[in-house]
Amino acid sequence: MSYRQPLDQQRLRKIIEQCVRRELQPGVDLPGPDEDLVDDGPLDSMAWVSAVRGIEVATGCRDFGDRMSDQPRCFRTMLAVLLAAVEQPDNIVAPSPAPEMKQTEGVSCIAGWASAVGSRIVDASDVEKEFGLPPGKIKSSAGIKTVTRLAKDEDEISLCLKSCEAALAKAGSDIGDVDCLIATSETFIGFPSLGAVLHARLLADESCKVFDVGGACVGLLNGLFIARCLLESGQARLVLVASGDTHSRILSPSRVKGEFGGLFGDGASAFILQPVGAAGDGTPYRLGEFLFGCAGTYASALRISMSAEDRIALTFEGEVLARAAVEQMGQVLEDLELRTGQQRSEASAFALHQPNPRLVQLLAKQVGVPLEKIPQVAVNCGNLGSSTCGVALSMALTENSKQSAAQRGPIFVAAVGPGLLWGGSVLY
Amino acid sequence: MAMTELILSEITRMDPGYCVIGLEPSEGKYRSIRPGPPFGHAWLDPFPYKRGDKLLFQLTPSPMTRPHVEDHRSTGVLEKKGQLSEAELLSCLQKAESARCLRDLFGCQVRLKRRGAFVVGKLARRSICGTEAQKVRLKWEARELRASIVLSSCETLPDLPVVDRSWLLFVGAAFDAIKGANQGQRLNRYLARRFQKGILDGRNHFLRIGLTRPVPNVCWLMVDTLFPFPRKSWLNELHDEQAI
């Protein structure tokens, strides 16, 4: 049985209207059903392209724009084109079911979760001194109060292990039950890979698959998505997704400038995913729709590579990146709303990547979500890379999973990374 | 002939009976001595002593056969002089032969296979050594209790057979308690879940790892002693597990 909900006429009409409405100037009404949106209507060509892309993302009809190329650009035609596309199931990827759907065979859930941060708490003013920054640069400008760093006896592996073992305990599972381990890190350099090392240290079964996933700050979302795909295709029954990022060992004052290096902390997270039917007591959060993409325009805004003499070659256009990050994460949240039918106003929490707290405040204001619904990670820990989302999600799950599914709202997850990679998901 | 008092530290399965090792005080530390029985090579049932017992022996060194340099001949147990608790025994063992990493266990390279590990007998300096493990995982497989271990050096030893008599008796008692089909699977579930979580997880574990006799040049690693010692009361958890 497919868990995907069919797109009916009403839903398609709603998606079209929402995508067009967000491109309209304030105060402009929606055009009539036969009014060309571009020639006579209120959209210019760029707005039309944005609307088309929004419809493609929300419906999964990837060639909607091509189908519309020789057609009148009016609501009536757009709806007819989408209805025709729905009748060709190979061409469309319908969104996941809304939470009122009781039978969700094949849907996966988060049965266990945990996070860990470096034991050393370093005040932002000390970070400023360390990197030779003017007082207030990190604390006031970025809004970071403290960063968490590894203690002497800690490393990526120890933080990851702590998270993995706690997540397994929470799920009531044993490492022997895990048949796939997915690991991500933006700081782990070397072989064996992070996944292989965790596999050995956790004493996982030899038959447990290991995948190491990239994506930097989007890495955790990448891992969760792959886990969901494996579970729903029957390729795995219990998946452990782990992130571990220890920036303090790499982004030192001798290697990078402070405006960048001073923002980062050390942390890890872990999640146990399994099919919904396999979960024990309680109503675990289920993984819903995922969205990903890459806006290559911003690829040059952040570049990091190892150069000669063990230095880091860094290109960091802070302002450009900040604007792009806020804009794109806002777009991700909007696209998720369209795709899933879930409204951000109903959300219990937003587990977001947090480049720094000031950007989080800006994003919250721009997208109209209360700051208290965003678990604050960067304020006390710094930017944890892929683990930022992980730690935030872990906090959100801890806060909200005790409630029944009827009492709680969805959790929106969104992240952006160098490239500009972006990703998002909704958990029900 | 001089008498030697040994603290019994290992009683391990060695067909047709047991192999025992004891600790002799030596310059503020302890050294391991393996007293052989008066006849044959294995101590036979009934062997009424347990670990921690202080036993008196009359010992003579055996001809040196590397790596089992600890071997001694004995005339049997002459007297029981006292008894140490599990904690006291652990404290003594921690002052005996010990190593953090694989290389130092037996003074030579430990070669890992997908299942088990071995050394070349003539290259090893000793045949018993203690170590702290970060993580231990027990599994019943192919009719054997096996342990996978992560040492404090973060190296892994996969699937070593556990020959510790106490643990083997515990598994036997567990099987007696498990009625019905799929006993092996159910034992593994018990070892993996409640047992692992409550007993083995979350703390460092002290083990003593020993070597088999050379066959012909290869000595396989085994777990001779695993702390904590198993308790009868843990079998109650097995009943609870089944009730659930």
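In chain B, 65% of the contacts with a separation of 6 or more join residues 24 or more positions apart. The model is predicted. Chain B has five helices and twelve strands. Buried residues account for 52% of its 244 residues.

**Chain B overall**

- The radius of gyration of chain B is 18 Å, which agrees with the value near 18 Å for a compact globule of 244 residues.
- The C-alpha trace of chain B spans about 60 × 40 × 35 Å along its principal axes.
- Side chains in chain B include 38 positive and 26 negative ones. The centres of these two sets are 5 Å apart.

**Aromatic pairs**

- Over all chains, the structure holds 15 aromatic pairs.
- A:Phe290 and A:Phe292 form a stacked pair, because their ring planes meet at 10° and their centres are 6.0 Å apart. The cut-off for stacked is under 30 degrees.
- A:Phe290 is buried at 7% relative accessibility, whereas A:Phe292 is partly exposed at 31%.
- B:Phe170 and B:Trp234 make an edge-to-face pair, with 5.9 Å centre to centre and 85° between the planes.
- B:Phe170 sits in helix H3 (residues 165–177) of chain B and B:Trp234 in helix H5 (residues 234–243) of chain B, so their pair ties together parts 64 residues apart in sequence.
- Both partners are buried: B:Phe170 has a relative accessible area of 6%, and B:Trp234 has 11% relative accessibility.
- Ring pairs also link a cluster made of B:Trp43, B:Phe47, B:Tyr49 and B:Phe57.

**Prolines and cis peptide bonds**

- B:Pro16 lies in the loop between strand E1 (3–14) and strand E2 (17–26) of chain B.
- B:Pro16 is exposed, with a relative accessible area of 63%. The cut-off for exposed is over 50%.
- Residues up to four places away in sequence aside, B:Pro16 touches B:His41, B:Ala42 and B:Leu44.
- The C-alpha atoms of B:Pro16 and B:Gly107 are separated by 30 Å, and the two residues are 91 residues apart along the chain.
- The peptide bond between B:Asp45 and B:Pro46 is cis, with omega near -5°. B:Pro46 is in the loop between strand E3 (29–35) and strand E4 (53–61) of chain B.
- In chain A, a cis peptide bond joins A:Phe191 to A:Pro192, with omega about 0°. A:Pro192 falls in the loop between strand E4 (180–184) and helix H8 (194–202) of chain A.

- A:Ala216 is not a glycine, yet its phi is positive, near 55°. This residue is in the loop between strand E5 (209–213) and helix H9 (219–232) of chain A.
- B:Asp159 has a positive phi of about 55° and is not a glycine either. B:Asp159 is placed in strand E10 (residues 156–161) of chain B.
- B:Asp159 counts as buried because its relative accessibility is 10%, and the cut-off for buried is under 20%.

**A buried serine in chain A**

- A:Ser394 belongs to helix H14 (residues 386–400) of chain A.
- A:Ser394 is buried, with a relative accessible area of 5%.
- Neighbours within four places in sequence aside, A:Ser394 contacts A:Trp113, A:Ala114, A:Ser115 and A:Phe271.

Technical notes: Residues numbered from 1 in each chain as written. Chains lettered and ligands numbered in written order. Predicted model: local features only at pLDDT ≥ 70, side-chain atom pairs only at ≥ 80, totals over all residues. Heavy atoms only, no water. Helix = DSSP H or I, 4+ residues; strand = E, 2+ residues; numbered from the N terminus. Buried < 20%, exposed > 50% of the residue type's maximum accessible area, 1.4 Å probe, protein only. Contact = heavy atoms within 4.5 Å. Rg over C-alpha atoms; globule rule 2.2 N^0.38 Å. Lys, Arg positive; Asp, Glu negative; His and termini not counted. Charge placed at Lys NZ, Arg CZ, Asp CG, Glu CD. Phe/Tyr/Trp six-rings, centres within 6.5 Å; stacked < 30°, edge-to-face > 60°.
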